[in-house]
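Open the model in your viewer and keep the selection panel at hand. We will go from one selection to the next.

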Amino acid sequence: MNEFLHQLASGLALGGVYAIMALALVMIYQATQLVNFAQGEMAMFSTYFAWKLMDTGWPYWGAFAATVVVSFLGGLAIERLVVRPFAKAPVLSSIIVFIGLALIFNALAGWLYGYSVVTVDTPFSGRPWFGNVYMSAHESGAVLVSLAVLALVYAFFRFTPLGLAMRAAAQNPTSSRLVGIRVGWMLALGWGLAAAIGAIAGMMAAPIVYLDPNMMGGVLLYAFAGAVLGGIDNPFGAAFGGFAVGVLENLIGAYVVGAETKLSVALAIIIGVLVWRPSGLFGRRLVARV
Amino acid sequence: MTTPILEAKGLKAYYGSAQALFDLDFTVEEKGVTALLGANGAGKTTTLRALSGLIAREGDIRLRGKPIGALSTEDIARLGIAHVPDGRGTFVDLTVEENLRLGAFTRVDKKDLKLDFERVFAYFPRLAERRRQQAGTLSGGEQQMLAISRAVLMRPSLLMLDEPSFGLAPMMVEEIFRILAAINRDEGVSLLLVEQNASLALDLADHAVLIETGRVAMSGSAAAMRSDDSVRMAYLGY
């Protein structure tokens with residue numbers, strides 16, 4: 001029983017990372033109907049940036065804040081300079097661009113920082129919190145940070161004029177332009193936010209899975225499985241799916257298939273959902289009129 | 001003579017490589033109402049889209065004498081042209097109130113916003129009742145009211161309407177046209193009205209432009225158009 005609860009708890013910790021990563025995917029998907037395959041590598045690159053800052057003596061939260069801001073600006077710049085020119089291109093072109101971006105960030109990280117695994121500090125060290133024996137302090141902290149990110153993103157989209165404009169631009173670009181919303185910038189802002197959220201996911205994942213240029217490959221796959229499970233057009237479904245996949249992955253990895261093959265759990269979830277319930281648990285069923 | 005609020009000279013528009021408008025000339029006077037009439041496919045909707053910069057266009061377009069022919073849709077909207085598109089352009093997943101707030105999104109001066117909301121709700125009390133409701137669940141007429149209200153909250157100097165009567169019950173049409181007249185009269189907003197229902201449009205308009213296959217076939221005062229035999233037979237049906 002103890003072992004089971006332990007697995008469940010650490011599943012929740014990584015699930016939080018998957019949840020906010022899934023949220024980043026959904027944010028771009030809702031505006032463009034495209035999945036950004038470079039989201040994971042962008043997050044990995046951000047994490048290296050944070051690690052480098054800490055390596056040069058920055059305090060953790062200073063490095064954290066700086067990384068979030070720089071990632072936001074980086075995401076903005078990538079949309080403006082790289083993604084934008086392909087806005088009217090066929091879907092396949094955009095996908096190739098995303099894959100290219102992923103390869104570039106992966107290679108760049110290897111070139112700049114090397115391929116050996118490094119450990120990243122956590123701000124949540126010491127004894128487990130609240131006498132919670134099933135979770136390390138970092139795992140508790142990661143869950144809290146994930147929940148905080150989800151709450152902040154919700155508040156931003158729900159209660160601010162800018163958040164409303166971004167929802168409008170994603171939903172109905174033409175009507176948005178007719179009321180004067182600069183739809184192109186809303187999209188760029190979405191990329192910036194997704195990159196910033198991804199950076200937080202990376203920084204929370206790194207102390208658990210360790211940092212190397214391929215760190216986020218698996219994480220992105222689980223996040224994608226979470227987004228598909230919850231419904232890729234529903235931010236809350238996707239976040240829920242992220243947590244669910246984290247727990248499932250850990251439990252199935254521990255008791256059914258073994259840790260080495262647990263990535264296959266993500267693939268099984270993706271395929272299973274797409275076959276039996278393509279719109280996910282909370283997604284809206286799309287009916288295309290032919 | 002004062003500068004017209006909107007003046008188009010030699011307006012051309014294109015869908016891809018196909019030309020849809022051929023050298024249209026027309027004006028909307030300050031505080032005036034101009035109706036664009038014509039059959040299906042004549043180019044009425046296209047004209048509004050060209051003015052808003054939603055499609056490729058050429059020609060001299062001026063808002064109060066200022067050229068706007070090269071501006072983006074967003075900038076044209078910010079200069080005070082509100083466009084209620086065909087199909088009403090509702091943000092269906094957002095609430096009625098959120099739809100309205102989007103109309104006021106670009107306004108720097110939010111001071112009078114509350115008053116403006118009250119004024120809009122006075123025109124359309126039904127929207128006030130449904131302000132928390134998802135806009136996609138409104139009836140067609142209510143969505144038309146919402147679209148007009150969203151445009152009014154932009155505080156436009158020119159309001160362009162694309163078939164506001166389309167698909168609505170006669171009583172609803174009557175109410176909407178009564179309120180359009182009030183918006184024109186009380187708020188001094190000029191109107192450019194695209195309508196298939198020519199007799200309705202000519203009642204509201206002071207000027208009318210008849211478009212046929214992307215060209216101006218005739219234009220003049222609404223009264224003159226109404227008494228013109230060919231217009232009467234082809235578009236008014238008596």
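What radius of gyration does chain A have, and what would a compact globule with 290 residues have? Chain A has 19 Å, and a compact globule with 290 residues would be near 19 Å, so the two agree. Keep in mind that this is a predicted model. It scores ipTM 0.93 and pTM 0.89.

**Stop 1: chain A**

You will find 11 helices and 0 strands. Buried residues make up 50% of the 290 residues of chain A. Next, think about who touches whom. Take the contacts in chain A between residues at least 6 apart in sequence: 72% of them join residues at least 24 apart.

**Stop 2: chain B**

Switch to chain B. How many helices and strands does chain B hold? There are 10 helices and 10 strands. The radius of gyration of chain B is 17 Å, close to the 18 Å that the globule rule gives for 238 residues, so chain B is as compact as a globular protein of that length. The box for its C-alpha atoms is roughly 45 × 40 × 40 Å, again along the principal axes. Of the 238 residues in chain B, 46% count as buried. Among contacts in chain B with a separation of 6 or more, 67% come from residues 24 or more positions apart. Colour chain B by pLDDT: the average is 91, and 98% of the residues score at least 70.

**Stop 3: a sheet in chain B**

Stay in chain B and pick out β1, β2, β4 and β5. These 4 strands form an open sheet, in the order β2-β1-β4-β5, with antiparallel pairing. Which strands lie at the edges? They are β2 (18–28) and β5 (66–67) of chain B, and each pairs on one side only. Now select residues 6–15 and 56–63 of chain B. These are β1 and β4, which run antiparallel and are joined by 7 bridges. Find Lys9(B) and look across: Asp60(B) in β4(B) stands opposite.

**Stop 4: where the chains meet**

Show both chains. The contact takes 15 residues from chain A and 20 residues from chain B. On chain A, select α6 (161–171) and α7 (173–178): each supplies at least two residues of the side that touches chain B. Which helix gives the most to that side? The answer is α6(A), with 6 residues. Colour the chain A side by residue type. Its residues divide into 7 nonpolar, 5 polar and 3 charged.

**Stop 5: a covered helix**

Last, select residues 96–103 of chain B. This is helix α3, and it is mostly covered: 6 of its 8 residues are buried. Click through the buried ones: Val96(B), Asn99(B), Leu100(B), Arg101(B), Leu102(B) and Gly103(B). What do the buried residues of α3(B) pack against? Within chain B, they pack against α4 (113–123), α5 (125–129) and α6 (140–152). They also pack against α6 of chain A, the helix that gives the most to the chain A side touching chain B.

Note on methods:
Residues numbered from 1 in each chain as written. Chains lettered and ligands numbered in written order. Predicted model: local features only at pLDDT ≥ 70, side-chain atom pairs only at ≥ 80, totals over all residues. Pairing = 2+ DSSP bridges. Contact = placed C-beta atoms within 7 Å. Nonpolar A, V, L, I, M, F, W, Y, C, P; charged D, E, K, R; others polar. Rg over C-alpha atoms; globule rule 2.2 N^0.38 Å. Buried ≥ 20, exposed ≤ 12 C-beta atoms within 10 Å, placed from the backbone. pLDDT = per-residue confidence, 0-100.
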